[in-house]
Amino acid sequence: MDTIGLDLHKRETQLCTLTEDGELIEQRIQTARERFTTVFGGRAPARILIEASTESEWVARHLESLGHTVVVADPGFAPMYATRSSRVKTDKRDARTLCDELRLGAYRAIHRASDAQRQIRAELAVRDALVRTRTRYVALIQAAVRREGLRLTSGEAEHTVEKLERTALPAHVVRELAPLVAAGTSSQ
């Protein structure tokens, strides 16, 4: 079975393949589902090592769907890089190192989340972004109001726009806050 190291990046991926016969083949491809299908779809099953990254999970799942065995490795596992020179770091060298480490077993696989876990994490990340955005909007609104010597009544953040409307603000403050209020009310 061939051993392959993939150095993944957003646009391009460097491959290093060590065949069963000991031949070393290096190739650079576009990081795209179609390109991975073209390169890996018609070949015999291989063992593939990639580092955990933003791209790694979809690539791993796609390669697995094509019949390959994929290991997603912890990029912070220091022994994995014992053979790599830190002076000259290139994608080719990284792919070679990954290929060597897979062959030697000198890697630490990460835990790969299930589809359900990935969905929950995505939902939590979106919720966190929305809460942080709303918190920042409320803080900016309150600062603009305080700058005029006024205060909004206390209460829940989701009622900030209503409290703002009940506050007698100078026209220039209303104009300043209009885009923020519009953005805040459209996301509620």
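1. How many of the 7 residues of E2 are buried? The answer is 6, so strand E2 is largely enclosed by the rest of the structure. The model discussed here is predicted, and the points below should be read with that in mind.

2. Strand E2 (12-18) pairs with two other strands. One of them is strand E1 (3-7): the two run antiparallel and are joined by 5 bridges. For a place to look, take Asp-7, whose bridge partner in E2 is Gln-14. The turn between E1 and E2 has 4 residues, and the two strands make a hairpin.

3. The other partner is strand E3 (residues 24-30), which pairs with E2 over 7 bridges, again in the antiparallel sense. Here Leu-15 has Gln-27 in E3 as its bridge partner. E2 and E3 also form a hairpin, this time with 5 residues between the strands. Within that turn, Gly-22 has a positive phi of about 90°. When inspecting these strands, recall that side chains in a regular strand alternate between the two faces of the sheet.

4. Strands E4 and E5 run parallel, with 5 bridges joining them. E5 is mostly covered, with 4 of its 5 residues buried.

5. Which strands do the buried residues of helix H3 pack against? They are strand E1 (3-7), strand E2 (12-18), strand E4 (47-51) and strand E5 (69-73). The buried residues in question are Asp-94, Ala-95, Thr-97, Leu-98, Cys-99, Glu-101 and Leu-102. As background, an α-helix has 3.6 residues a turn, so residues three or four places apart point the same way.

6. Helix H3 covers residues 91-104, and at 1.5 Å a residue its 14 residues should span 20 Å; the end C-alpha atoms are 20 Å apart, so the model agrees with the expectation. Just after the helix comes Gly-105, which takes a positive phi of about 75°.

7. Helix H4 (115-147) passes the same kind of check. Its 33 residues should span 48 Å at 1.5 Å a residue, and because its end C-alpha atoms are 48 Å apart, the two values agree. The buried residues of H4 are Val-138, Ile-141, Ala-144 and Val-145. Gly-149 follows the helix and has a positive phi, near 80°.

8. Is Ala-125 buried or partly exposed? This residue of helix H4 counts as partly exposed, because its relative accessibility is 45%. The C-alpha atom of Ala-125 is separated by 29 Å from that of Leu-164, which is 39 residues away along the chain.

9. Val-161 and Ala-182 give a pair for comparing sequence distance with distance in space. Val-161 is in helix H5, and Ala-182 is in helix H6. They are 21 residues apart in sequence, with their C-alpha atoms 9.4 Å apart. Val-161 counts as buried because its relative accessibility is 12%, whereas Ala-182 is partly exposed because its relative accessible area is 45%.

10. The loop between helix H5 (160-165) and helix H6 (171-186) contains Thr-167. Buried here means under 20% relative accessible area; Thr-167, at 19%, therefore counts as buried. With neighbours within four places in sequence left aside, Thr-167 is in contact with Leu-150 and Leu-152.

11. The second largest pocket has a volume of about 150 Å³. Its lining consists of Ala-52, Ser-53, Thr-54, Ser-56, Glu-57, Trp-58, Ile-110, His-111, Arg-112, Ala-113, Arg-118 and Arg-121. By type, these divide into 4 nonpolar, 4 polar and 4 charged residues.

12. Which helices each supply at least two residues of the lining of the second largest pocket? They are helix H2 (56-65) and helix H4 (115-147). H2 gives the largest share of that lining, 3 residues.

Note on methods:
Residues are numbered from 1 along each chain as its sequence is written. This is a predicted model: local features need pLDDT of at least 70, side-chain atom pairs count only at pLDDT 80 or more; totals for chains, interfaces and linings use all residues. Side-chain values use heavy atoms; hydrogens and water are left out. The expected span of a helix is 1.5 Å times one less than its number of residues. Buried means under 20% relative accessible area, exposed over 50%, partly exposed in between (1.4 Å probe, protein chains only). Contact means heavy atoms within 4.5 Å. On a 1 Å grid over the protein atoms alone, a cavity is a set of points where a 1.4 Å probe fits but cannot get out, and a pocket is an open set with protein on both sides within 12 Å along at least five of seven lines; lining residues have an atom within 4 Å of a point. Grid points are joined across faces, edges and corners, and a volume is the space filled by probe spheres set on the points. Ala, Val, Leu, Ile, Met, Phe, Trp, Tyr, Cys and Pro count as nonpolar, Asp, Glu, Lys and Arg as charged, and the others, Gly among them, as polar. Two strands pair if DSSP finds at least two bridges between them.
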